[in-house]
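Me: I am new to this structure and should be grateful for a close look at a single part of it. Please give one connected account.

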Amino acid sequence: MSEELVLASESRIRADLLTQAGVKLCIKVVRVDEAMVKDSLVSEKIDPRDIADALADLKAQRVSCKTPGAFVLGCDQVLEFAGLLLAKPTSPDELKSQLTVLRGQTHQLHSAAVIYQSGQPIWRFVGTAKLKMRFFSNAYLDKYITNNWSTVRHCVGGYALEAEGVRFFSKIDGDYFTVLGLPLLEVLAFLAERGVIQK
């Protein structure tokens, strides 16, 4: 009971969600060339949902090999729009371009979670949410980027739904935690079943 979970992710929001839910954790991260892996999977025409799963799996597997016996949680999230994957924006101009393309449209977020123990996968789940953006003005978009670039540059899609980014949306179908990048309810259910947290 109350074993420590190893989170194979640098994401502050994922760590905060788990900690606020009463999960004891430590963070261990190994470097993975996500862009190279993602590009390879895209070239093989792998489904976006499976790409999220593969990236989460890779992170968990790498950390698990260095922490035998521990429960290691790897996570990843991809944004799918019109059959394409949009990466994290690398500049304010790229962010503006992405959000302009998504304006008035519906896109999907696939959030994968994979748990390893002793170098072997023991659980996995991919949650999907559909998000519809409203027709926001160019003036608001410019203001948003000026005010938020430093905090959203590491976010898939270039928005943080838990902050001002929520103003871009007119409808969301799916789990809130999945949108934030972690299918939290499913992870907690597994951890309780395995005795990592109390039932």
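Reply:

T67 counts as buried, because its relative accessibility is 12%, where buried means under 20% relative accessible area, exposed over 50% and partly exposed in between, with a 1.4 Å probe and protein chains only. The model is a predicted one, in which local features need pLDDT of at least 70 and side-chain atom pairs count only at pLDDT 80 or more, while totals for chains, interfaces and linings use all residues. Residues are numbered from 1 along each chain as its sequence is written, and side-chain values use heavy atoms, with hydrogens and water left out.

T67 belongs to the loop between α3 and β3; helices (H or I, at least four residues) and strands (E, at least two) are DSSP runs, numbered from the N terminus. Leaving aside residues up to four places away in sequence, T67 touches K28 and V72, a contact being heavy atoms within 4.5 Å. A polar atom of the T67 side chain also lies 2.9 Å from the backbone oxygen of V63. A polar contact is a pair of N or O atoms within 3.5 Å; within protein, one must be able to donate a hydrogen and the other to accept it, and residues adjacent in sequence count only if both atoms are side-chain atoms.

V63 is one of the buried residues of α3, and this helix deserves attention in turn. Helix α3 comprises residues 48–64, and its 17 residues should span 24 Å at 1.5 Å a residue; the end C-alpha atoms are 24 Å apart, which agrees. The expected span is 1.5 Å times one less than the number of residues in a helix.

Most of α3 is covered, twelve of its 17 residues being buried. Among them are P48, I51, L55, L58 and S64. The elements covering the buried residues of α3 include β1 (5–8), α2 (34–43), β3 (71–81), β4 (84–86), β5 (106–117) and β6 (120–133).

In α4 (residues 92–102), the buried residues are L95, Q98, L99 and L102. They lie on the same side of α4, because they cover an arc of only 95° around the axis, the arc being that of the directions from the helix axis to the C-beta atoms. The cover over the buried residues of α4 includes β3, β4, β5, β6 and α5 (138–152).
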